[in-house]
Amino acid sequence: MAEQKPSLMRPEAVTTGVSAPVAAPIQPSVVYAAESPSALDAQYEGRAAGHTYAREGHPNAAALAARIATMEGCAGGLVTGSGMAAVASALMGLLRAGDHVVGGDQLYGRSLRLMREELPRLGIATSLADATEAGAVAAALRPETRMILIETVSNPMLRVADLEGIAELAQARGILLAVDGTFTTPRALRAVEHGADIVIHSVTKLLSGHADATLGWVGARDAALLARMESFAVTMGLTASPFDCWLAERGLLTFELRYDRAEATAAALAERLGDLPGVGGLRYPLSADHPDRARAAALLGARGCNMVTFEVAGGRAGADAFARAAGEAGLPMAPTLGDAGSTLSHPASSSHRGLDAAARAALGIGEGTFRLSVGLEPEEALFAALAAGAEAARAAAG
Ligand SMILES: *Cc1c(COP(=O)(O)O)cnc(C)c1O
């Protein structure tokens with residue numbers, strides 16, 4: 001009888017003979033056995049490939065990171081346990097006490113909190129500036145400014161950053177430019193081609209696309225920057241689980257199709273939603289009256305994004321009625337974006353609830369403001385749900 005290997009201690013690789021699997025395998029192992037101390041030395045010193053311990057890296061994270069790096073045209077990248085872990089890896093992995101960082105004043109809510117509350121506590125000074133004006137960013141720079149962090153398209157007003165102007169400024173002053181491209185994805189814009197040193201994604205959103213994995217990715221043009229961020233992320237435990245990476249890799253297989261479909265539906269809805277009684281203030285980057293239309297056309301080409309922002313009548317009562325009726329028609333209010341299913345967000349009660357009404361009004365956000373993240377449903381079904389919501393808002397407004 002053939003001797004059995006102690007398989008729990010040293011699992012055999014799945015052998016498939018002549019049949020190769022077509023689906024990506026998942027490798028949940030927390031730890032990897034090394035052949036010898038010298039083999040381990042070779043791995044740690046970068047002379048041999050391989051893994052040691054899952055927090056430091058595993059095959060599913062490596063495969064996902066490489067896929068996104070290719071899409072972004074980045075030399076390399078790192079998968080993290082959330083988009084915020086990617087933002088933190090860039091800011092906290094690369095900056096030190098005494099440095100100053102300038103952020104866009106309409107960054108994602110938690111990125112703003114990192115800028116306002118956490119970094120100053122650690123001795124890293126921060127300023128916020130209007131990212132749609134390179135001049136405003138220039139005015140915020142200090143001699144000790146080491147990084148600028150912007151988002152390509154802002155939430156929820158869909159303003160488009162002056163990426164070219166800010167990249168020029170960063171380059172001239174020797175400042176690192178980090179770009180959070182979550183809203184635009186590499187399908188619409190590859191930030192390294194516009195001068196970004198660091199690119200950040202909440203993979204949770206469009207890239208993974210099925211609202212079932214919380215992940216981030218951060219890539220860099222320069223290998224030393226990436227190595228520094230990776231060291232920070234591994235030390236702080238910001239890295240990702242194999243299962244989430246595996247789900248995201250599966251999601252990426254359909255990313256381009258999903259993005260193109262969602263964006264086309266969003267563009268079509270942006271043309272029509274203003275016709276609904278009680279709906280106004282329509283925002284879409286490629287709309288004729290968008291304040292950044294020319295920049296959007298130049299930076300994003302034919303691609304707007306999959307987000308449309310609008311106002312419904314009737315203040316909070318109108319907003320409640322709108323959300324209820326749209327929800328009943330199958331369009332839920334849920335604080336995310338980029339899922340295969342369309343979702344509504346109400347910034348005044350969620351992403352921007354930390355601001356008072358006057359500060360929200362300065363950004364153009366009122367009680368009636370909704371942001372629609374368009375998914376894969378037929379345009380007519382979405383229009384019908386939005387029409388039902390608009391009708392209910394009008395009725396509530398009286
Ligand atoms: C959601 C989001 C993040 C944070 O990503 P998580 O995966 O939720 O941590 C960062 N930036 C932008 C623009 C986002 O939309």
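Student: What makes a residue pair count as a polar contact between domain 1 and domain 2?

Tutor: In this predicted model, 19 residue pairs are in polar contact between domain 1 and domain 2, both residues being at pLDDT 80 or more. Each pair is called a polar contact because N or O atoms lie within 3.5 Å, one able to donate a hydrogen and the other to accept it.

Student: Which elements give two or more residues to the side of domain 1 that touches domain 2?

Tutor: They are helix H6 (163–173), helix H7 (185–188) and helix H9 (242–252). The largest share, three residues, comes from H7. By residue class, that side of domain 1 divides into 15 nonpolar, ten polar and five charged.

Student: Why is the pairing of Asp 260 and Arg 187 called a salt bridge?

Tutor: The N to O distance between their side chains is 2.6 Å. The cut-off is 4 Å between a side-chain nitrogen of Lys or Arg and a carboxyl oxygen of Asp or Glu, so the pair qualifies. Across the interface of the two domains, the rule finds three salt bridges.

Student: How do you know that domain 1 and domain 2 touch, when 25 Å separate their centres?

Tutor: The 25 Å value is taken between centres over C-alpha atoms, whereas contact means heavy atoms within 4.5 Å. The contact takes 30 residues from domain 1 and 33 residues from domain 2, so the two domains do touch by that definition.

Student: What area do domain 1 and domain 2 bury between them?

Tutor: About 2,900 Å² is buried, 62% of it on carbon and sulfur atoms.

Terms used:
Residues numbered from 1 in each chain as written. Predicted model: local features only at pLDDT ≥ 70, side-chain atom pairs only at ≥ 80, totals over all residues. Heavy atoms only, no water. Domains from an automatic or database assignment. Buried area = accessible area lost by both parts, 1.4 Å probe. Polar contact = N/O pair within 3.5 Å; in protein donor to acceptor, adjacent residues only side chain to side chain. Helix = DSSP H or I, 4+ residues; strand = E, 2+ residues; numbered from the N terminus. Nonpolar A, V, L, I, M, F, W, Y, C, P; charged D, E, K, R; others polar.
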